[in-house]
Amino acid sequence: MLAIDESIGTCDRRFAALFIAQTVDRRRAWRNLIVTTPGLAQSIGTIILNEETIRQTELSGARFAATIRDAGIIPGVKVDTGTIALAGHARVRITDGVDWLKARLEAFAVMRARFAKWRGVITIAADIPTRGCIEADAQTLARYVAICRQVGLLTVIEPEVLIDGRHDLARCAVVTEEVLHAVFRHADEQGVALASR
């Protein structure tokens, strides 16, 4: 699986560090270089695009997702819209983008995406993540899966507990276990099994 789904901001920061212009055309040319690499399907089975890229065409004029499928690779798209502050929980952020997700997913399916990806980010510090943060992110992940299934797209979920910080491995393991339990519980409550099909 190749992830070329970094946000515009992340891509632009990487370009800036290399003195590359931070423009739509430069991002498109960069992704075009990757997607049209000869023999790419020999090593890559799926590619995750971001929302900007799936809407674009590669330099020949074909949509990126169509070029990927024609190469024998399964295209997908990252559909979360980044993090926002969780109301009532100081210093806590949760992943956003579930509002209007069904319409966006339907459009991505028409663009030939076969799956969607959602990244839920959990930060660890002395007093976080809070129970509210874990529950909110887990419920959103489960809602995302349910909506994808309704539209007919496969799902990739990434409940990512960040390793950055002053915590030790034991604390990371405890938080990861809490997050995964919450994700599976909310998925069950939403009526979506997370087992592969």
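**Entry 1: terms and model**

I count as helices the DSSP runs of H or I with at least four residues, and as strands the E runs with at least two, numbered from the N terminus. I am working from a predicted model.

With elements set, I looked up P129. P129 sits in the loop between strand 6 and helix 6.

**Entry 2: the nonpolar core**

I turned next to the largest nonpolar core. How many residues does the largest nonpolar core hold, and which touch the most other members? The core has 47 residues, and V79 and L105 touch the most other members. Helices 2 (24–35), 4 (64–70), 5 (101–110), 6 (131–151) and 7 (169–189) each supply at least two residues, as do strand 2 (46–49) and strand 6 (115–122). Helix 6 gives the largest share, 10 residues. I set this beside a general point: nonpolar side chains tend to be buried together in soluble globular proteins.

I listed the contacts of V79, leaving out residues up to four places away in sequence. V79 touches L105 itself, along with G97, L101, R104 and F108. V79 also touches A116, K117, W118 and Y144.

**Entry 3: I68**

I picked I68 in helix 4. Is I68 buried or exposed? I68 is buried, because its relative accessible area is 1%, and the cut-off for buried is under 20%. Beyond four places in sequence, I68 touches V35, I47, L49, I73, I74 and P75. I also took a C-alpha distance here. I68 and L40 are 28 residues apart along the chain, and their C-alpha atoms are separated by 9.4 Å.

**Entry 4: the largest pocket**

I moved on to the largest pocket. The space in it comes to about 370 Å³. Its lining has 17 residues, and the closest to the centre are E6, S7, T10, K78 and R119. Which elements give two or more residues to the lining? Helix 1 (8–17), strand 6 and strand 7 (154–161) do. I sorted the lining by residue type: 10 are charged, 5 polar and 2 nonpolar.

**Entry 5: K78**

K78 belongs to strand 3, residues 74–78. Is this lysine, K78, buried or exposed? K78 counts as buried because its relative accessibility is 16%, against a cut-off of under 20%. The side chain of K78 makes a polar contact with the side chain of D80, at 3.5 Å. Setting aside neighbours within four places in sequence, I found K78 in contact with D5, I48, L49, E51 and K117. K117 is also on the contact list of V79.

**Entry 6: positive phi**

Last, I looked up positive phi values in residues other than glycine. F19 has a positive phi of about 60°. F19 lies in the loop between helix 1 and helix 2. F19 counts as exposed because its relative accessibility is 79%, and exposed means over 50%.

W100 also has a positive phi, near 60°. Where is W100 placed? W100 is in the loop between strand 5 (93–95) and helix 5. At 72% relative accessibility, W100 also counts as exposed.

Methods:
Residues numbered from 1 in each chain as written. Predicted model: local features only at pLDDT ≥ 70, side-chain atom pairs only at ≥ 80, totals over all residues. Heavy atoms only, no water. Core = buried A, V, L, I, M, F, W, Y, C linked by side-chain atoms within 4.5 Å. Buried < 20%, exposed > 50% of the residue type's maximum accessible area, 1.4 Å probe, protein only. Contact = heavy atoms within 4.5 Å. 1 Å grid on protein atoms, 1.4 Å probe; cavity = no way out; pocket = protein on both sides within 12 Å on 5 of 7 lines; lining within 4 Å. Points joined across faces, edges and corners; volume = space filled by probe spheres on them. Nonpolar A, V, L, I, M, F, W, Y, C, P; charged D, E, K, R; others polar. Polar contact = N/O pair within 3.5 Å; in protein donor to acceptor, adjacent residues only side chain to side chain.
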